[in-house]
Structures are given as C-alpha cells and as structure tokens.
2 protein chains.
Amino acid sequence: MNAPAASGSLLPEFAQRPIPPEFLQALSQRFGAQCSTAMAVREQHGRDEGSIAAPPPSAVVFAESTRDVQDAIALASQYAVPVIPYGAGSSLEGHLLAVQGGISLDVSRMNRILSVNTEDLTVTVQPGITRKQLNEAIKDTGFFFPIDPGADASIGGMTATRASGTNAVRYGTMRENVLALELVTASGDVIRTGTRAKKSSAGYDLTRLIVGSEGTLGVATEITLKLYPLPEAVSAAICSFPSIEAAVRTVIQTIQIGVPIARVELIDVNSVRMVNTYSKLELREEPMLLMEFHGSPTGVKEQAEMVQDIAGEFGGNAFEWAERPEDRTRLFTARHNAYFAAVASRPGCRCITTDACVPISRLADALLDSVREADESAIPYFLVGHVGDGNFHFGYLIDPESSDERERAERLNHQLVERAIGVGGTCTGEHGVGIHKMQFLRDETGDGAVEMMRAIKRALDPKNILNPGKIFAL
Amino acid sequence: MNAPAASGSLLPEFAQRPIPPEFLQALSQRFGAQCSTAMAVREQHGRDEGSIAAPPPSAVVFAESTRDVQDAIALASQYAVPVIPYGAGSSLEGHLLAVQGGISLDVSRMNRILSVNTEDLTVTVQPGITRKQLNEAIKDTGFFFPIDPGADASIGGMTATRASGTNAVRYGTMRENVLALELVTASGDVIRTGTRAKKSSAGYDLTRLIVGSEGTLGVATEITLKLYPLPEAVSAAICSFPSIEAAVRTVIQTIQIGVPIARVELIDVNSVRMVNTYSKLELREEPMLLMEFHGSPTGVKEQAEMVQDIAGEFGGNAFEWAERPEDRTRLFTARHNAYFAAVASRPGCRCITTDACVPISRLADALLDSVREADESAIPYFLVGHVGDGNFHFGYLIDPESSDERERAERLNHQLVERAIGVGGTCTGEHGVGIHKMQFLRDETGDGAVEMMRAIKRALDPKNILNPGKIFAL
C-alpha cells in the first residue's frame, strides 16, 4: 500500500535538515553491512502503522550492541543529524517518521534476554525483543510479562510510548512495569536509571521520565521489567449487551466496586461484524464485553459471579465461557485483529485511530456522544476499548486520497478529544503524542506543562537530534 | 532538645546565601501576619526529624492559597533567595533545613479537600493536608487513601519524598498513587501535570518527575490521588519467629508466590522490647512479623492460610489474630511508635535511620550482615522493615555530642548501603536523599544519572532557588 502524502492543516509541516555526505560516509565506515541506504529498507523504516507519511530516513543502522547505539548517536551528534529509534514498527502516531530527515536506528537485532530473576519477579532485556518473544522465552518459568498492546511491539517501543493494552486494568502500564534502564543519551554516553528494588526515593525518577518520552531523550539499551506469576486459574467470557451504554455501565460498576478483573474489552457491533468476517467467527452481532479473570480458582469464581450479577442488571446475556486456553487465545486474537479486520473491510483505506482515556465515571458520556457523531459522519468506523481503564479507540477508515474524508475524520477525533479533556481525561491513553497529537497535548495540559517538557528536552538534547519534531515543536 | 551541630566528613558544607533586607521587607509587605521572623517559628521550621542541624531560615511564610505560593516564589526568584517548602516537618533526611539560607514556605494551612470523586476513585487535595486528616474526612465514603509512612505526614511532603510505608506492598507508593498536580514553578507560574484518567501517554511524565523531587523543581499546590474501596474484610496477625532470618524467609516466599498481602512488617527483638516499654504492651520478645490482609472474606482467609503454612515451615509460632479494629489499630500504632519508642529508650539521643531497599531475594543477605555489624558496634539500635518491598530501617541511637558515635553509625549506614547497592538495590526506599544521602545517590546511580538530574534542575530552576542543596550539589 502506498503511503499517502501528509495533508491538511491538522498536521505539522515537515522541514528536512541537511544530512552532510561526510556523516553518511562516517556511518558507513563504522557500521559496514550494519548500515543500509537501500530505498526499500529506508522506506520500511520511514513509516509506522499510522496514517501520515513523510520522506524516508537517509540511512538505517542496525545496532547490535549498546556500543553500536552509542557510536551511531555520537556520530549523529557530531553532525547534528536526527536519529529515530526503531523497534517493531508498530506505533500509530507517526513516531517513526523522519519528519526532519536523519537516520533510523533499528534495535530489533538487540533482542536478547539478559537475565531472568524469577525470585525477584524481574527480567532484564534488550530493547528489540518483542513482548511475544519475551513471553515465549520465559513460558517455562511460571512467570509472564503482562503488558499487551495488541501488536507484537518491541519492549523498547512499548517503553518509549508508555504502552499498555488489554490487561493494564489489572497489571498497570509500562509506567508501572519498567523498573530500570540502561540509556544512551544524546551525547552518546551511557547512564543507568533505577534499580531492581521494587521502590526507591533516590532522586528524580529518570526511569519514569524516559518511559513515554518517545525516543526524544535517549535510547534505552537495557530494560528491566516486572514479571508476574502465571495465574493459578484463568477464565475468559464474552457477554453481549443490548447497547454500548449497557456494556459500559457494567464496566463502570465492576471497576467501582473493585473487582480485580484482568481484562475487560468493549467491542462494538461494527467491530464484531468485521472480526466475524476477518477471523471466520460467528460472534453474536451485538455490542459485547470480552473479559478475563485471573487468580486462585475461588477468586476467579468470585470475580466472575460479581460481574455476572452486574451484567445481568444491565440486560447482558449469559456469559459464554472460554475454558480452554486455545479458546481464550482465539477470542483475544480476534480482539487483537480488530484493527486489521477493520482495515481489511475497506481495501486501500488508512485508519485514523483515537486514543482518549477518561475517568471511569465519565466513560459512558464520553463514548456515547462520539458514537452518535461517528454514526452521523457516514465514515466507516469501529470502536474497541480497554474500558476498564476508561480508554477507547475509534478507528475511522478513510480513503487516503480523499482530503475531505481525512478532514472529517480528524474533526471527529478533535471533538472526541475535546470532550475527553473536558471531563478530566487525556487525549492519549497509550499510543503517545507523536506528530499527530501535538496540538491535543497542548489543549490538554496547557502551554506551561509543554514549556516544561521543552525545557527538559533542550537541557538533555541541546542539538535536538533524538527523534526531533515529536511530542512538541522545539 | 537542642539540635546538634553538623559534623563529620560525611555531611556537606553549608554555605549561606545573602538574604537582601529589601526582600524581607517586600515579603512582610505582601504577607503581613502570614509572614513570621520570630526565632521560635524559624527554628521550628529549620529542622526535621533527622539528625543534622543547620541555621534556621530567615522567615517563614504561611501560604493559604496557590496565589500565596506563587507570590512568595516570584519574590524569592526576583531576589534569588532559596525557598524551602514545609508541610508537617516529619522528613528524615534534612529536607527542610535551610542549608543555603532562605525562607520556609509553610503550606500546612492549605489543608482542604478540593473534590472527592468516589465514582472514579480519586480525590484532589491541597498539599498541607495530612494523611490522617484526609482519611478522617473521607471515612464515611467507603474509600480510603492507603499510603501510610508512619508519621502523620502532609500529602505535599509525601509527594515530595515519594513516600510509601507499611502497605505499599499492596497499594504501591506515591509514585503509583499521585495522578495529577497543580504546580508552582521556580518562576512563580502555575502549571498542571497529569489528568484524572487512570493512564496516559501524553508527553513526558511530569507528574512522576515531580513526585520524589523533594521540593527542588516546584511546589505542588493541588494533588490528585487515587482512592481505594475500604476492603470488605481486614484481618491482622502477629507471628513470632526463632530468628530474623526465619521471619525474612517467610516474607520472601510469601511475595514470590504472589500473595497480595496488605502489610508485612518486620520488627526485631530490640524494637519489640522498646515498644513494649513505650506502649505498655506484652509482645513476646522475639523477632516478629506484623501482617494485615485485605480482601473479600474468603480471599482474606485464603491469603492468611497460605502465609500461615509458609511461616510454619520456617518455625514461626501460631498466628495471634487481632480481629477487632481497635486491636489492629493498637498493633500498628505500636509499630508506628517504634521510632519514638526507640528515641525514648535513650534520652537525649538522635536517631540515624537507614532506608535501603533491595530485591526481595537478596533481603536476607542484605539484612543479616547488617544485623551482625550493628550488634558488633555496641551502638544501641533497632530494626524495622516494610520487608514485603525489600525495604528496612535500622535506627542507630547516637549521643549527638559524640562525634565518635556519629561516625561509627554513619560507617554502619555506609556499609549497609554499599551492600544494598551491590545486590541491585537502592540507598533509599522511601525517605529520599535530602542532604544526607547525596554521596549514596552518586554511588548508586553513577555520575551520569546525577548529571542528568542536575541538567533538569538547571533547566527548570535556573536561579537554584527551590530547596537548593538537596539531592545533589549544583
């Protein structure tokens, strides 16, 4: 699929910086076959899963060690050339785009597990490992890493965007699950943040500052994560509802009474239809919740009974249980494929994804008005959500050649974000700001907070070489 | 008690900055009776519960509003005078000391609850409210704020030190429980960080950067916290063990199998004796664990049975249960009074408190060597710990007039911290760095991370007026 040209007043201008030929020579000399300037490689690294396109980077360096990352950044610093870290390419907000030119620094070959400490429930990995690779490698230990954004993202990328996903409602986000980092700074130095201790009051929380900084403050080369014991019992269920509102009100009450539900995903009728077609399923074509419970056998039973009672009050149908692991996997795979099912439902389309997250009590208000507006717009869309956290995604499926559709979709997004901010929420629950939500960030947090972010960026990356042009303009 | 003069090579030098008389005049003019230069008030605000002393601040401003905080800081900025935020005065690492001169900014009158949102499990408060005031005010809502550092600290101070305490093992620390802030910056501007949404990927995590920054980057004037439903069932128990090691191994196994215990406090024999005397109790004079379980009635029973089984394996005695709320309160009050019980056991002493936190698997090693060294030192001490988090506190009770005792105690602390860092831990689990642990911070995190902190400080407080001389030298 050809990526569309960036268009419309909602997107920033792209001003390419000069890339000195001496820089590319020095890079090639240092990295040899680990450096590619082939157009196919550059193009693959110059886009993500989002809907915006920019010219590709001038070269791609495949780092294999912390030393490689240091040297690439030191060279880029010397020539004041942008460096864009690249993991699995699954980000959604234009994070990987070389909007000011520069090079892509691919860390996917740095995918080793450096140490597993099951006694302390920690694991230290390189940034290029994906969450599925990690869980596959440790599956015999009795522990797992729960954060699951859907895509098989790299741990480095998940760290950079403060990712979360389906079971953050129980296990938290990358904010809560990254303990420590080895980081290459904008000058090419290596620092360490955090420790393997569970908590600390040792100075500024640099780990949390880097988590979610979208590659603009440093490149993580080692990441220490929390692990969790595989739950003794797991059960999953789906429940259909007469309306989105009924489903959402079930979730609100479940969270408010403190049920430690492990996953609770909203799937609207559009998504159910798309998923049925794409994954050859026969799910009932009604709004539904897809739930998972983790705990001891009695705990899981207790949780499920409480939620069944609540669902019943709101007209939910009887739970359909997925008892066997393969049935659970099938259901959640269907959920994770909603995005691809939707994109497949309109060939050639691009998807503009919203990511608002609101306080749980305001979820129904925030959602239902946006459903009405989307229905009125006549743009094909789907709606899914990690609703236990108050986080939901509309996907507007636009014709990339139609600036009218793009503008209408962006307007829907804008209205949705305004509403979320108005009720005390955020424009992005888990995807990050990238180049797509800069103005939303300013609307949400105010100029003062953005100025503080810019001051930090200038202090830590004075030449503005680390993923420049993302989160805010400098 | 007269505070001792700072002594010894382990402490930083204090270089007072000039305080222009025009500044004090302008302050007095703006704040009238809200500004005091009385020596008793200044002395009370120029110390904390730690063991180090410095000359008192030149004045104390009692802020009653965000506007007051802004104006005090703007004036201080104009004259480049240090401002030291003050809440309840319960910090332990010299955080409140005017080591470079300046004024104390007392926010204890800003103690209102601004909004309670039980539907969203959030509350927004002013910084001067204490944790007990907060919980007393919301006790009829069915929700509570769990973070409990022992002292009745202010929420502002707890935010500044990234406090935690007895039930952080279940509910996390201030890192996990502060959602959003209103902050007055070093220029006197007001910014907002975070939202009431449960999660967000909206740019740099300024909230987490401010939490734990010890008043050096801004003064929080509104703090939004998470609330939790009061557990349906609570039960507490004590269990005595033949040795500290047996108690600690019980805790390690409890955590490793994932029991969601709400509190698990280690109390050594010395502490038990001191507490028995101070609180007129008759606890068995053996190392003990003080535990609390929260959950549904069956959940609590299940948890307690699992821990009883583990304790039995390590020779623990039968649990003694505290079923009634007043009995639980009595036990935990005794625990919280351990510090005061210890100080009372040696009249006129000061207490040097350690605060290391290590990965749980290394807890026994880290603790037992330090017990041996403390026993050999002949300095009176006690040992308590939030051991479920790997965090423990030795309190060395020194004669403040004896530089020999101070040096020996600091040497014990130094050895303990070195050991903690060596096993992947931190020098401070919850008290913060202050002026006491600057070198430890550098030992722990390395020069590179401290340089990053300094760069952030310089960028956000270019005149170095916000609590200068804490965490690191500038």
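Which domains does the domain assignment of chain A give? Chain A is assigned domain 1 (113–229) and domain 2 (231–344), with bounds taken from an automatic or database domain assignment. This is a predicted model, in which local features need pLDDT of at least 70, side-chain atom pairs count only at pLDDT 80 or more, and totals for chains, interfaces and linings use all residues. Residues are numbered from 1 along each chain as its sequence is written, while chains are lettered from A and ligands numbered from 1 in the order in which they are written.

**View 1. Domain 1 meets domain 2 in chain A.** The C-alpha centres of these two domains of chain A are 28 Å apart. Five residues of domain 1 and nine residues of domain 2 take part in their contact, where contact means that C-beta atoms, placed from the backbone, lie within 7 Å.

**View 2. Chain A touches chain B.** Each partner brings residues to this contact: 73 from chain A and 73 from chain B. On the chain A side, α16(A) gives the largest share, 13 residues. Elements that each supply at least two residues include α7 (174–177), β9 (190–194) and α11 (297–313) of chain A. Here helices (H or I, at least four residues) and strands (E, at least two) are DSSP runs, numbered from the N terminus.

View 3. Chain A superposes on chain B by a rotation of 180° with 0.0 Å of shift along its axis (RMSD 0.0 Å), fitted by least squares on the C-alpha atoms of residues with pLDDT of at least 70 in both. The same surface serves both copies, as 100% of the contact residues of chain A recur in chain B.

How values were computed
Contact = placed C-beta atoms within 7 Å.
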